[in-house]
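Subject: Structure handover

Hello,

Here is the structure for your work. Please look through it first, then read the notes below.

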Amino acid sequence: MGNIPWWKRSVVYEIYVRSFFDSNGDGIGDLAGVTEKLDYLKDLGVDVLWLTPIYESPGDDNGYDISDYYSIMDLFGTMEDFKTLLTCAHERGLRIVMDLVVNHTSDEHAWFLESRKSAENPYRDYYIWRDGKEAADGEMTPPNNWSSSFSGSAWQYDSAAGQYYLHLFGRKQPDLNWDHEPVREEIFRMMRWWLDLGIDGFRMDVISLISKDPGAFLRDSAIRGHSVCANGPRIHEYLREMRRRALAGYDVMTVGETPAVTISEAKRYAAADQSELDMVFQFELMDVDGGESGKWNDTRYRLSDVKRVLGKWQKGLYGAAWNSLFWNNHDQPRAVSRFGDTSSRLFWNKSAKMLATALYFLQGTPYLYQGEELGMTNAGFESLSDYRDIESLGAYEELVSQKKLVSHADMMRYLKKSSRDNARTPMQWDDGPFAGFSRARPWIGVNENYTWLNARAQAADPDSVLHYYKRLIRILREDPIVCEGGYEDLDKDSEALYLYTRNSKEGRIWVFSNFSDKEQRLDEEIVPREARCLIGNYDGHQRGILRAYECIVYEYVTIHGTA
Ligand code: TEU
Ligand code: CA
């Protein structure tokens, strides 16, 4: 696997800094805390650390509202703390990827403070300002009916500016105007500044939204604002320009978070010729349990939908572009709660391991989310006051308080299932106060199961989810068939079994996963006798039988000595 780029052979670990480890006892995770845990991460076997935004921010959207791209948020530490983290990570062979949030800034960014001063201000066109529309009753209304991702209108009237500005996300997150060349120049200069510090790449926040079709602003739309703007008219022009003016010459990794991306668009965003990005996050897998009202529902996913989506992306990008593989991140509920089974310790342990196996043997770069390697579960919050997330609180306000479309009891159940806060409870290090995350009460509640579900307990337990992840990661990083093999789904219709193969000139891998709590049988001859077992989540295994949430991986190498 000589000339394969390092990011195709890497396992990425996402760190939500605010909830990872608090080194100074203020209840909030910080950069020095990440540095203290680098040996844990090195021992886990991951290669790249993706840090969620650490730049100066008022924290309205926990850092995805940046007020200064060139400084570190005080609560997370100093630029010196960042440089120490970068040096210590590199000393351990770990790479650092930063979160690039350039679809919007904070409304406290200097550019916006200038932009709203007057129509003549040189920064006016850094953002998207439009006049309102006069309604029949003479009242001034927003330019169109687009809704923000965080509820309410996507337009905010600014009295100083005398116009509305666009914000696809929070009111305090005005969208940048990428059609204005000085904006692109500023962004590309900032990117080079960070790259010259020695970082190893960027995860690009909602990058598929940065090119807006000016004509669209005049039209209402029934779909949520940010889907109207996805894959806009100049998006590929801007990303090719970014590659030329910001990324060229650096040995870095780029992954685009691309809401509403399609296969054909992904082939352009993540084209093998590296003219734009290296890979993208698609969200079809995250939508398998969505509904007409989006994520606020009781819907449980169907395995056939998961297999349909994964198969579509494996086949769709094969040989043309590179996939990312993730069950969860800081915006999604915990994988084992959503796709696995937490009804018993046994099913929790087995299903957490099975989920990792079913997904990470596919082609693409695995993205682990902090705590996933422990099988951390959804928060289990009972009260609205437990929640912190702008998206969750905005949805409650709109659906329950304002529009009375959903009852309090239903919404509390929906939040328990799908709130982004499920992924943002403090990392569970040990069974001490606040799960060893902090000496002080954390900014958000600790999951009550930390007393038994924590890194220290699992480090001492050879049957733990943590030890399984370590074994799995070692296999994934070394096996050539995993990196290059083609994909075949052996049973698309089963709602219990996910059976697929990966096939290359080196040989074939069979990945069998039982997504059900019942024993399942399969044709014994489906795997040749000479195939060896690579990994499984039960002691021993019986060919042709998969116990509850059992996974088993076989491999048959045709060219001896290469696996
Ligand atoms: O998320 C983009 C996005 O679409 C989110 O709305 C997410 O998919 C959704 O909440 C899932 O229900 C990115 C960041 O990951 C997120 O944390 C930020 O809030 C958002 O952009 C705005 O920067
Ligand atoms: Ca702290």
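The domain bounds used here come from an automatic or database domain assignment. For the protein chain, that assignment gives domain 1 (9-107 + 176-472), domain 2 (110-166) and domain 3 (486-557).

Two notes on conventions. This is a predicted model, so local features need pLDDT of at least 70 and side-chain atom pairs count only at pLDDT 80 or more, while totals for chains, interfaces and linings use all residues. Residues are numbered from 1 along each chain as its sequence is written, chains are lettered from A and ligands numbered from 1 in the order in which they are written, and side-chain values use heavy atoms, with hydrogens and water left out.

Domains

The centres of domain 1 and domain 3, taken over C-alpha atoms, are separated by 30 Å. Contact means heavy atoms within 4.5 Å. On that basis, 28 residues of domain 1 are in contact with 30 residues of domain 3.

Calcium site

The calcium ion (ligand 2) has these donors: D22 (OD), N24 (OD1), D26 (OD), I28 (O) and D30 (OD). They sit at 2.2 to 2.4 Å. Donors are N, O and S atoms within 2.8 Å of the metal (3.2 Å for Na, K and Ca); water is not among the atoms, so sites may look incomplete. In sequence the donor residues are spaced D-x1-N-x1-D-x1-I-x1-D. D22 and I28 are buried (buried means under 20% relative accessible area, exposed over 50%, partly exposed in between, with a 1.4 Å probe and protein chains only).

D331 lies in the loop between β14 (324-325) and α10 (335-338). Helices (H or I, at least four residues) and strands (E, at least two) are DSSP runs, numbered from the N terminus. D331 counts as buried because its relative accessible area is 13%. Leaving out residues up to four places away in sequence, D331 touches E257, K295, R420 and R424.

V97 belongs to strand β5 (residues 95-100). Its relative accessible area is 0%, so V97 is buried. V97 and V48 are 49 residues apart along the chain, with their C-alpha atoms 7.0 Å apart. Beyond four places in sequence, the contacts of V97 include V48, W50, F202 and M253.

Y126 is in the loop between α4 (110-115) and β6 (129-130). It is buried, at 5% relative accessibility. Its contacts, beyond four places in sequence, include W111, D175, H180 and E186. I545 is 419 residues from Y126 along the chain, and their C-alpha atoms are 61 Å apart.

Backbone

Which residues have a positive phi without being a glycine? F434 does, at about 50°, and A435 does, at about 60°. F434 lies in the loop between α13 (408-418) and α14 (455-459). A435 is also in the loop between α13 and α14. A435 is buried, with 0% relative accessible area.

Second largest pocket

Its volume is about 300 Å³. Of its 15 lining residues, A379, G380, F381, V446 and E448 are the closest to its centre. On a 1 Å grid over the protein atoms alone, a pocket is an open set of points where a 1.4 Å probe fits, with protein on both sides within 12 Å along at least five of seven lines; lining residues have an atom within 4 Å of a point.

Best regards

Key: Points joined across faces, edges and corners; volume = space filled by probe spheres on them.
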